[in-house]
Amino acid sequence: MKETMEENEIVPLKDKIALLEEENKFLKSKLMQHEYIIEDALDAVAIFDQKFNFIEVNSAACKMFQLTKSDLCNRNLIDFLSLKPENDLQLVLTEEPNQKTYRKEFVIQLDNGQVKYMEMSLRRHVVKEYNLAMIKDISFRKMLERERSINEQLFKDLFHRAVDGIVIFDQHGLFIDANESFCVSFEIDKSRLNTYVLGDFVECQEKHKLEKLWTALSMHGNATGELPVQLKNGSKKIFEFTTTSNILNGFYMAIMRDITEKRSMEIKLFKSEERFREVFENAIDAIVIWGKDGQILKANQAASRTFELSEEELVNQNILDFIDRKSDIYKIVKTEYMKTGAIRAELLFHMPNGQNKELEFTSKMDILDGQHLTIFRNVSERKRMEKVLRESEQRFRKVFNGAMDGIVLFNNEYEIIDANPTAQQIFHIESSNLATFNLYDLLHAQCRENGSTEAKNDRDIQEITYTFQNNEEKILEFTVKNNINENMNLAIFRDVTEKRELEEQLRKSDTLNVVGELAAGIAHEIRNPMTSLKGFIQLLEDSIKTDYSMYFNVITSELSRIESIITEFLILARPQAIEYLKIDISKVMSDTIDLLSAQAILVNVQIELQVEQSLPLIFCEPNQLKQVFINVLKNAIEVMPNGGKVNVHIYQKDAEYVTVSIKDRGTGISEDKIKRLGQPFYTTKERGTGLGLMVSYKIIEEHRGIVEVESEEGVGTTFHISLPIYQQ
């Protein structure tokens, strides 16, 4: 019985088992279907535990995370969310705990560093504590959104910051929006923008251009062109525009650029080109435009005449064919031209007809597209004239610089233009100081002396005494020739100072010769009677009583005086036989002072002698020097009738001369009288003969000495007698 029951129980169990097996088989089939569906799903599917560890993933998830299934199932979702702080991740993943499902967007970073945007739909506790997640890669969508955001921002920046004017308007031309540049260009306030239409700024005669704009927009959706507008203040502008339709809510957008100035410049450029063309064609100078290889591209008529070819023939030529390329000067010009890109020079050009021409040219490189512009001028004739002028100038310069007379060129303001070396020497001026020398005072000095107000400007020779700053005087002869050229005059000067001095010396010499001849005759005529008189006076003196001795003394004294005068005459009359001795000049002066001391004491005159130590002995004739010292000292004593002091100073002037200075305190001598001292019969004394100083000057001259006189009226006079230490 028990076994039967067990069998009865076994049958239902078997049926139940079979049913369960069928159900299990069905469930497995369903599970397989779900696995296939999940595995083949395009989106990533993942099962997470409560800590978001991967439990199961499909192929799409493996592809998304670029890991194998086994590697991914050993990872946690938080591992891929490293771009977000961990605390924030925990907060995001655990937020809304009571919500069965929720959707979130995350940024993940894969192991290779790639960043992806993902959208995850999470269903909690799908199987016990496991969560099911559907994950989509939304990186491309995010990129598009980002690009759209960037484009929108770029459009806004472009719209508001663009230099060109941008305006948005509707199909009726009503302004909807515009940037600042458009408002500035059209001189309108942006707050009143929607009160204007495009047609408000187009003149009636230009309306047809606006109609073409609308037609093009309706047919093609865009239009370009130029539109003249007139602003509300009456000024006119030209705008270049590009218009697009339906860019925003069916509106139109136009980008407008003010080309008013551009068109004005184009007009000016066109006029400039016209002027250049006019100048190019009608220029007197030859103008040639040539390429890099030297090929002539264009030439004007003047170039055709210069190169002896027609314009058509010249254009087919190479500019370098006219030049000797082997010449050194060409190589120098070429090097400089290639270095600087511009040059001004001269070269010899060989014309096709065999003629050679020297052309001056200015060349500029790369005037347009690598082309060269060269302007030529024929300077052959000018060169020939320059050569003639240069040769003429050289001849003139040789005559000018080599002239014995001083030649000065000056303008109408008497400013010196040039002066030859002789003139510079006459006036003691250097060539660098010519500009500081003015001839006005010099040329008009003679007029002032003659009481005239105008200078003689003819060829008459005039004479003038010119005084330099150092008080040196020169006697100059000059003649003036006016207007030898425009604003140029000529003056020729000759220094005749030495000539006048020689003439004066000649006059003195003639006088001395006459005096000598007269003196010789007088001396011979008087000496014989004098000898008889002296003899008879001596006889009478012996025979007549002594009561008349005083008379005899006077007669004898006067006869001695006459004899001394006759002796001086004889000195002038014939050459003296001079025997030079080496003596101490201070001894001669000392003896002379002793001789004249009695005469000096009578008129209360003191003679002081000062002799420098170690004076050298000099070669001289002591008696003649004594006569000179006597004459000078006697004159010094006689010019001080009320007494005074005469200073005699003997010193060595330099290595060649010893000087004797005799200074008195007399009335002095005027400058004009000093010049005449030593002339025959010239004296400043009432009873003087003038022979004493004349003889003294002659003696010093024969000794090759120098007599210099310093005098100041009312103060005194000093005679400086310089005698050479050695006679030659």
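**Overview of the model**

The protein contains 20 helices and 27 strands, where helices (H or I, at least four residues) and strands (E, at least two) are DSSP runs numbered from the N terminus. This is a predicted model, in which local features need pLDDT of at least 70 and side-chain atom pairs count only at pLDDT 80 or more, while totals for chains, interfaces and linings use all residues. Residues are numbered from 1 along each chain as its sequence is written, and side-chain values use heavy atoms, with hydrogens and water left out.

Of the 728 residues in the protein, 36% are buried. Buried stands for under 20% relative accessible area, exposed for over 50%, and partly exposed for what lies in between (1.4 Å probe, protein chains only). The accessible surface of the protein is about 46000 Å², and 52% of that belongs to carbon and sulfur atoms; such areas come from the Shrake-Rupley method with a 1.4 Å probe, and for residues only the protein chains shown count as cover. Among contacts between residues at least 6 apart in sequence, 47% join residues at least 24 apart, a contact being heavy atoms within 4.5 Å.

Let me turn to the salt bridges. A search of the whole structure finds 23 of them, each defined as a side-chain nitrogen of Lys or Arg within 4 Å of a carboxyl oxygen of Asp or Glu.

Which strands does the bridge between Lys645 and Glu608 link? The side chains of Lys645 and Glu608 meet at 3.1 Å, N to O. This pair links distant parts of the chain, with Lys645 in strand E24 (residues 644–652) and Glu608 in strand E22 (residues 605–611), 37 residues apart. Lys645 counts as partly exposed because its relative accessibility is 33%, and Glu608 is likewise partly exposed, at 38%. Elsewhere, salt bridges that share partners join Glu105, Arg141, Lys142 and Glu145 into one network.

Is each partner buried or exposed, or in between? Lys237 is buried because its relative accessibility is 18%, whereas Asp258, at 36%, is partly exposed.

Now to the surface patches. Patches consist of residues with over 30% relative accessible area and no salt bridge, like charges being joined within 9 Å and nonpolar side chains (Val, Leu, Ile, Met, Phe, Trp, Tyr) within 5 Å. Glu473, Glu671, Asp672, Glu712 and Glu713 gather in a patch of negative charge. Lys and Arg count as positive and Asp and Glu as negative, with His and the chain ends not counted; the place of a charge is NZ of Lys, CZ of Arg, CG of Asp or CD of Glu. Glu712 lies in strand E26 (residues 706–712). Glu473 is also touched by Thr467, which touches Glu472 as well, not counting residues up to four places away in sequence.

A nonpolar patch is formed by Val107, Val115 and Tyr117, with about 220 Å² of accessible area together. Val107 is in strand E3 (residues 101–109).
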